[in-house]
Amino acid sequence: MAMKPCCRILFHGRSPAFFGFPSPKCHYPLTNSQSNFGFNHAHNRKFYSNPPRILGFGGMSDRARKPFCASSLNWGQSRVLYSTCNGGVDRGVHVICRVASNVKNYASSVETIVNEKNFERIYVQGGNVGRDEESRVEDDGGNVNKDNSKGLHKVEVLNCGKEESVVEKEAWKLLQNAVVSYCGNPIGTVAANDLADKQPLNYDQVFLRDFVPSALAFLLKGEAEIVRNFLLHTLQLQSWEKTVDCYSPGQGLMPASFKVRTVPLDENKLEEVLDPDFGESAIGRVAPVDSGLWWIILLRAYGKITGDYTLQERVDVQTGIKLILNLCLSDGFDMFPTLLVTDGSCMIDRRMGIHGHPLEIQALFYSALRCSREMLSVDEGSKNLVRAINDRLSALSFHVREYYWVDMKKINEIYRYKTEEYSTDATNKFNIYPEQIPHWLVDWIPEKGGYLIGNLQPAHMDFRFFTLGNLWSIVSSLGTPRQNKAVLNLIEAKWDDLMGHMPIKICYPALEYEEWRIITGSDPKNTPWSYHNGGSWPTLLWQFTLACMKMGRPELARKAVDLAEKRLPLDRWPEYYDTRNGKFIGKQARLYQTWSIAGFLTSKMLLDNPEIASLLYWEEDYELLEICVCALRDSGRIKCSRGAAKSQILV
C-alpha cells in the first residue's frame, strides 16, 4: 500500500525562536506528492514546480513585508530527519529536528531585532542562547501553500529546436543518474558517480560549489524543482554548530557539502538525515569561504532564469542572505577591501600558497555583493546594509582594478618600483620588491593582453594566472571593459598553454622543484601540472563560455567546447587532466565527475541561448564609480584616485 506522507517537526535544545520571532501557533503546508523529477527531451520546455518540500518555511509573495507567520526553524541547531514507516499501513513520514552530532553547544548566537520596518539589525554576539521548551509543528500534507509557486506556471525556457547530439544525450543521462533525492524529492547531485570507485571519500556528497553548473543545466533545461529544493535545504543547514576542537565558525557559514544518510530509527523505521560538512571533516579542516557566495549567485540565477522571484523575497531567504553578508562584511584587522581568507578555502581546497586575498574569492565576493544588492528588500531597516554593500563594491572594484592588474606596461612600472616608501602618496603602496617579477612572466605575457594576478599582500604579488578568478571578474564586471577584453586576448594568444588538449588550466604556471616543496608542503596530489597545480579542469568551460559571450567572443568558447566534446565521453568524464598540455587523465581524478558533465552541458546550452546567458552576467555599473569611500577625501590629505579608475572604464 502506498504511504501518504505526513510530517512532524520537533524542535528541541536551544530556543526555537526564528531570529527573535516567538514560536508560531500555526500549521505549515507540506505537499504529499512524490517527485516526478526526470528529463523529457520532447517536452516543450515549460516546467511546473511543486512548492518546496522543506518544512517550516512560509512564503513571502511581495516586498511590502506584510504580516506573516514565521517559521520556528532553529537556525544553527536543527537537523531534519525523515523516517519512513513500514508495516503495510499509512504510518507516514516523521520529521525530527535536533542537534546533528555530539559536539558541545559552544557557538555564537545571533540576536535579531525584526519588525515590519526593521529587518536588518543582525549581528553576532558571544554567549549562549537560553534553552526553551520543545515546540512542535505538525502537518498532514493535505494543504499546499500556493504562494511559493506563484509565477512558476508562466515561465517558459526557450527551445531552439536543435537536436541533441549523442554526447549530449549521454551527458544528460549521467547527470540524471547523479541526482540525489531526499524524501523522494531531488535535492542535488553527487560530486562523482563512478560505480567502480570503491573509496568515494566525500565524492558521494552534494557540494555547494559543484552543484552550481548542474543547477544551471537544470534551469536551462526547464527543470527548476531540484534547484529550488537545493537552495531551501542548504539554507536550513546554514550555521550549524559543527566545530573543530570545540571552536565554532562564524554565524552564517554555509556548508561545503552535505550527504543524505539513511539510518535505522527503530523497528520497521528508517530515517533520512541531511548531514552537512563545514570543514570539520575536510582534508586540512578548512571552512569553505566560497559556499555562501555561490549560494547567493545561484539564488539570483534561479530568479533570473525562471522568473520566480518569490523565492528570494521570502523572509527566511532574505535572512540567509543577510547572515552571509554580515559574515563577509564584519569588521576585522584587515585594512584592505578584499576578503582575507586562509589557504584551501575555495575551489583550490589544498595548500597552494593562495592564503591572503586570492582573486577567486574576491571575484565571487564582488558577484555576491552585486547579487545581494539586486535581491535585498529595501526598507528602513536595510538602508545601512545596502550602504555598506555599495561602499564595499566601490572600494573592492577600485582596489582590484588598480592593484591586481598586470600587463606589459604595469610590469615595467613594477620593475622600476622604489621601495620603503612611507606616505599616503606612495607609488609602491604595498612595498613590492621588483625582484619578485618571475622570469617566465616577461616572455609569456602578450603585448595586447593582461590579467589580474592571483593574490596581493604586503611585499607579495602572486603573478600566477588563476583562471576562475579572471573569468569571474569578466562575468561580474569586476575588471574594466578594457581589462576584460585583454584577459580574453591573453587566453587566445596563449591557447596552447591554457587550453592545450583539454580546456582549461586552473592556474598557470605550475609550481615546480623547490618552490613546489616549500609552498605546497610536498603535496603528492598537487605535483607539477596536476590537480590544482596546473591541472586542466573541464568544469571551467561554462564560466569561460559565459565570459566569452559577454565580451562578444562566442567563437572562442565554441572552440574550447568542441575540443572537450571529443575527449570527455571517451575518457569517461574525468574530474581533471594532467601534464602541461592536458594530455593525460588526472592520476587521482574521479571518473564520471558531475561538474565536468554539467559544465559541458551548460556551455552548450548557453551558446544556444545567448539571450538567457545575458541574464547571468553583469554589465559595468557606472554608479559605483561615483561612490567614493575614501575616508580621507574631505580632509584634503590625499588626492582621490577614483578619477583614474573612471578614465580606465571609458577607454
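User: Are glutamate 164 and lysine 221 buried or exposed?
Analyst: Both glutamate 164 and lysine 221 are buried, where buried means under 20% relative accessible area, exposed over 50% and partly exposed in between (1.4 Å probe, protein chains only). This is a predicted model, in which local features need pLDDT of at least 70, side-chain atom pairs count only at pLDDT 80 or more, and totals for chains, interfaces and linings use all residues. Residues are numbered from 1 along each chain as its sequence is written, and side-chain values use heavy atoms, with hydrogens and water left out.

User: What do the side chains of glutamate 164 and lysine 221 meet in?
Analyst: They meet in a salt bridge of 2.5 Å, N to O, a term for a side-chain nitrogen of Lys or Arg within 4 Å of a carboxyl oxygen of Asp or Glu. The pair links distant parts of the chain, 57 residues apart: glutamate 164 lies in the loop between strand 6 (135-139) and helix 1 (166-177), while lysine 221 belongs to helix 2 (residues 208-221). Helices (H or I, at least four residues) and strands (E, at least two) are DSSP runs, numbered from the N terminus.

User: How many salt bridges does the structure hold?
Analyst: It holds 19 salt bridges, and one of them joins the side chains of aspartate 316 and arginine 314 at 2.8 Å, N to O.

User: Why does aspartate 316 count as buried?
Analyst: Aspartate 316 counts as buried because its relative accessibility is 2%, and arginine 314 counts as buried because its value is 0%.

User: What about aspartate 462 and arginine 464?
Analyst: Their side chains meet in a salt bridge of 2.7 Å, N to O, and both aspartate 462 and arginine 464 are buried.

User: Which residues are linked in a network?
Analyst: Glu492, Arg553 and Glu555 are linked in a network of salt bridges.
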